[in-house]
Amino acid sequence: MRYQTLMHDLLFKETFADPHNRRQLEFFLEQILGYKTGFLHNKLDVSYESPIKKNKLKDKNIRGDIIIKFDDVVLNLEAYTNFDNSSIDKSIYYIMKIHTSKLKIGDDYHELGKTIQINFVENAHLGLKEKLVYDFHLACDEIPEVKLLEDSFCVKIVQIDKARELGYTNNILDKWFKFIAANGSSEREIIAKGDVLLMELNEWINKYVADDETQEELNKWDIEIATNKGIEQGKKEEKMEIAKNLLNTNLSDEDIAKATGLSIEEIMQLKEGK
């Protein structure tokens, strides 16, 4: 049976946004954010428009996102099987959009509250070490401990592929990370054993992915995503070819980047490869 891993972005969102799994979502967020158990009970306002439930396939070109609100916090959850430069840009731009969109004309900036993005990632190209969870803030290059908006803005990176390397653990949060990282139902079942919330969640996932209609819609979704990636890759290759030609002119790296939409780093890589 396909779609066994929760790191399939759409299955991840369908699972944690479903109202049947709200207590699991509450508990999971309590662990990640360091709240006491029960703190988020009946507090979460979850907004999610399921792409696979839309009537037209073309309506799925924008992925549904889980937007969670409680108290003065807005939180977004994402899953990436490959966290490359494009994913990083998307993540940062998106959370900035969420944060600034909360400000209405006449409001004071302190009324924005806190905005958190949690990215569950595999293959993170950030030079991170073995730690599972990293918090990112706006920080000073010379004095990293000096941060801006520390109390109102945070991007969390959870290295799910590192969780697969963990052995047996009594740490509750690490156990949930291993559950998400599991490659199949039987592996999830072993990890979940003895934990009521995880056992219930695994049962829900098994029933969900076993449904023929769901399988068909997930297949359609993957085909469209693959098609879109192919189109984007074609566009990227075209930009790279244009940039290579422009490198033979007197244009600066900055001007070539502006003309092609590539980053300065990508232009430098092209120069090194000439």
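Q: Which residues do ring pairs link into a cluster?
A: Rings of Phe, Tyr and Trp (its six-membered ring) pair if their centres lie within 6.5 Å, and planes under 30 degrees apart count as stacked, over 60 as edge-to-face and the rest as tilted. In this structure such pairs link Phe12, Phe16, Phe27, Phe28, Phe120, Trp176 and Phe177 into a cluster. The model is predicted, so local features need pLDDT of at least 70 and side-chain atom pairs count only at pLDDT 80 or more, while totals for chains, interfaces and linings use all residues. Residues are numbered from 1 along each chain as its sequence is written, and side-chain values use heavy atoms, with hydrogens and water left out.

Q: How many aromatic pairs does a search of the whole structure find?
A: The search finds 11 aromatic pairs, including the tilted one of phenylalanine 12 and phenylalanine 16, with 5.0 Å centre to centre and 50° between the planes.

Q: Are phenylalanine 12 and phenylalanine 16 buried or exposed?
A: Buried means under 20% relative accessible area, exposed over 50%, and partly exposed in between (1.4 Å probe, protein chains only). Both phenylalanine 12 and phenylalanine 16 are buried.

Q: Where is the charged end of lysine 131?
A: A charge sits over a ring if NZ of Lys or CZ of Arg is within 6 Å of the ring centre and within 35 degrees of the ring normal. The charged end of lysine 131 sits over the ring of tyrosine 134, 5.4 Å from its centre, and that of arginine 188 sits over the ring of phenylalanine 179, 5.9 Å from its centre.
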